[in-house]
Amino acid sequence: MTAPTDRSATASDRAAVASGKRGAGGLPLTAAYLAAMLLLYVGEHLLFESLALRASLATLALALIAVAIGGRLRRMRKLHHGARPVERSIVIAYVAGVGALLIYALQADFALELLGPHFGSPQAAQRWSAALATLWVVVWVCAITPLIFVEISYAPMDTSRTVELRRIRRSWQSGLVVALTAALTFTLNFIANELNTSVDLSYFKTTHPSESSKKMVQQLSEPLRVVLFFPGANEVLQHVRSFFEDLHAASPQLRLEFVDQVLEPKLAKELGATENGVVVFVRGTQKETLTIGDRLQRAKSKLKRLDADFQQIFLRLLRTQKVAYFTVGHEERAQQQRDNAAANGGLRDLRKLLEGLNYRVRDLGLADGLGSEIPGDATMVLVIGPKQPFLPAESATLAAYLRRGGRALVMLDPDAGVTLDDLLNPFGLKYVAQPLAVEVPLARVSFTQADRQLMVTNRFGTHPSVGTLSRHSTQLVVVMAGAGYLEQQPPASALQPAPRVSFTVHSLPLAWNDANNNFALDPPGEQRKLYELAAAVEITSPKPSSAPSGSAGETRMIVVADSDLASDGLLFSRAVGNRYLLLDAFKWLGGDERLIGETASEEDIPIAHTRQQDQLWFYLTIFGMPALVLGFGLLYTQRRRRMG
Amino acid sequence: MLLIARRELGAYVCLPMGYVIVALVLFVDGLLFNAYALGGEAKLSTEVLQLFFAFASFMTMVSGVLLAMRLVAEEHQLGTLTLLLTAPVRDGEIVMGKFLSALVFFKIMTLLSLYLPLLVFVNGKVALGHIVGGYLGLLLLGSLSISIGLFASALARSQIVAAVTGGALLTACYLLYLGAGLVEPPLRELLAYLSPQRHLQWQTGLITSRDVFYYLSASGLFLVLTTHVLQARRWR
């Protein structure tokens, strides 16, 4: 603390500066020494492919080191004896640095080749190499850091008389402590890296079997063998085991076997399990495989949707495959997107949903019987967003098919102007091709006024075709983009028994019919009220002999006032409610209403929020809390100031 | 040490500047959260959380340096550093006291932003563990930023220079990850490991002992360096 600084230099110091007798006189030697180290690094690590260059640089570096050490020894002899201990310690640091280089050389490739026979085993050589690789860095850092610290302290000192050894010693100690701390930090980090352990705190839960899956299992009339190929103690198995044991508790017909694929190669080969982490379902000669994986990190995504995967496999195994026909030839949505199924607006996800329910999907055009006779194997016919009207013969064929106990899903769009009156009116329904809108957008996609035609609703009827939605109406919403609406009317023809129409999805009461499509409410032509967005039509009668083979003789039709609801953009990525609407609709149309219910899933869902929520979040996150903190801070500091 | 920490913490709490910094950080956090994490296409809850922690990390580094810039440099500017260095406390205690005060204030500031990730609960599926892990990561990154800022503050003679030096050091540490791609092993692994960029797995909810150790040891190293910078005034 009392040590003189540059600013408090004495007259003798100034004289020393004038005569060049300063500790700084040795700095060029240290600079040469450090440059030699740099040259060696460049030669070893950047120019290692050129042996000649490497050798030249090494020679030059060694020469520089020799010059530096020689220069320091010469200074030691020439300087005042009081400065000699400092010069000596600098020489020691130089030599220690050279020692580090020697240790480096001992672990280099050529040294290992020379010493190789003495190690006994390659592992011993590796250990030797790793130990020396760490040691040379530690020795080098411990030599160079104190050297630099000492030079900083020594540079301004007058070497023509006794230098302040106490300051030099403190700087040396400081440098050594810093170097040792750095070396210790690196070493401990290296060890921590090797012994790394981790905890995953992100969202993960194993899916439990849903009520729907339990109902499926309870219907088993013959055993279903489930063979789980997992190693004995496995983290994934714990999750899978609890899922299947829950199902086993629901029905003893589900028989569980836990097998290690490695220990039972014969059985694994017989069932086609090439690795562990696989579940094989066996029913008679039929087999279905579900690959989950035996590493939890990889299996997570599968475990989250285990219930859905199980249901798909179960239906494939236990049920005969059904056929769903998509009408084509009227620019239907399915037809439009065939060449670009991945784009938004296609029906790729809808087709997958049907296939998951064990349906085979086929096209139905005029050539396939749409104008004359619906194929006998049809379980249901889907009319999704036609842009061209149906021919009278086609409408008549579809109506006749329905009257005989057929099943159909009809989804229409107001912008296409197709209302299918010939098909719908006989069943007491009318489609009005006017888009609905709401003044304040309930959802946002384009962030323009067009968003007013995005219909979001959680108003559902109690019909089985919307069973899941009505049970969870507080959590699930259905989203439609540019929906028309439905009205009930007396059936155009006297059908006996009369069709029963149930409206299943209603709009919110703030919707209005945007007849002129200008996104603004223009009364009196446009009225704000509750509109009907989907309807289920039923005609219950004894099964006629001419009824389609796939049906139970009961006419069932679902009409939805928008086909965008089923498109890839809305169906899966935005609104989970849309998926449940269609899933339950297919189950009801296919006569599987006993299976209606939600599929358990722990899959993460996209966060969709309304404009009001957007605004609330915006103000809360951007202004609310900062204003609160600022207000509190100003009040507190002013109060303190007033109180003195 | 605790006395120094209390005195420094009082300086943050009793002056409006501390509140302005907190409000500013919360404002920018909220803006980024609203505009990028929640805005645009509907995103999965984990994505939203991950983006939030990514933005918060940036703000953590900025605020860490801002909070630390005054700790020693201000004493220098006001001429009270000599007084402090001649007081009957060790240099290490001075450094630790100042570091602790900034860290406590930083913790309060970070915890005040907790309402942002909790908003994801409204419509998404969030694991509390992910939020806890993320905040642990933010605190560790904050302690590293503060220790680097403190080191810069000890080197500089004015607060502005300290902030610029701290920012440059932190950026350099961050960019080591890019530099690692330009050199050969084993230096490549070393440089990559030294960069905080390599240790951000906590943003995804994965806490590794390696990352925790890295932040703690790197913070410790900079604190030791800061102590020696203060000590250097006695032997330079």
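**Helix packing, chain interface and salt bridges**

In chain B, the axes of helix α4 (residues 70–78) and helix α9 come within 7 Å and cross at roughly 15°. Axes are lines fitted to C-alpha atoms, for helices over the stretch in contact, and angles run from 0 to 180 degrees between N-to-C directions. Helices (H or I, at least four residues) and strands (E, at least two) are DSSP runs, numbered from the N terminus. The structure is a predicted model, in which local features need pLDDT of at least 70 and side-chain atom pairs count only at pLDDT 80 or more, while totals for chains, interfaces and linings use all residues. Residues are numbered from 1 along each chain as its sequence is written, chains are lettered from A and ligands numbered from 1 in the order in which they are written, and side-chain values use heavy atoms, with hydrogens and water left out.

On the α4(B) side the contact (heavy atoms within 4.5 Å) is made by Arg70(B), Leu71(B), Val72(B) and Ala73(B), and on the α9(B) side by Leu150(B), Ser153(B) and Ala154(B).

Helix α9 (residues 128–155) of chain B also packs with helix α12 (residues 209–235) of chain B, the axes coming within 9 Å and crossing at roughly 15°. α9(B) and α12(B) are therefore roughly parallel as well, and α9(B) passes α12(B) in a left-handed crossing. Residues in this contact include Leu144(B), Ile148(B) and Phe151(B) of α9(B), and Tyr215(B), Phe222(B) and Arg233(B) of α12(B).

Between the chains, 61 residues of chain A are in contact with 64 residues of chain B. The two chains bury about 5500 Å² between them, 67% of it on carbon and sulfur atoms. Buried area is the accessible area (1.4 Å probe) that two parts lose on being put together, summed over both.

Across this interface the rule finds zero salt bridges, a salt bridge being a side-chain nitrogen of Lys or Arg within 4 Å of a carboxyl oxygen of Asp or Glu. Over all chains, 25 salt bridges are found. One salt bridge joins Arg351(A) and Asp363(A), whose closest N and O atoms are 3.7 Å apart. Arg351(A) lies in helix α14 (residues 348–356) of chain A and Asp363(A) in strand β7 (residues 359–364) of chain A, so the pair ties together parts that are 12 residues apart in sequence.

Methods: Parallel < 35°, antiparallel > 145°, perpendicular 65-115°, else oblique. Left-handed = near helix turned anticlockwise from the far one by under 90°.
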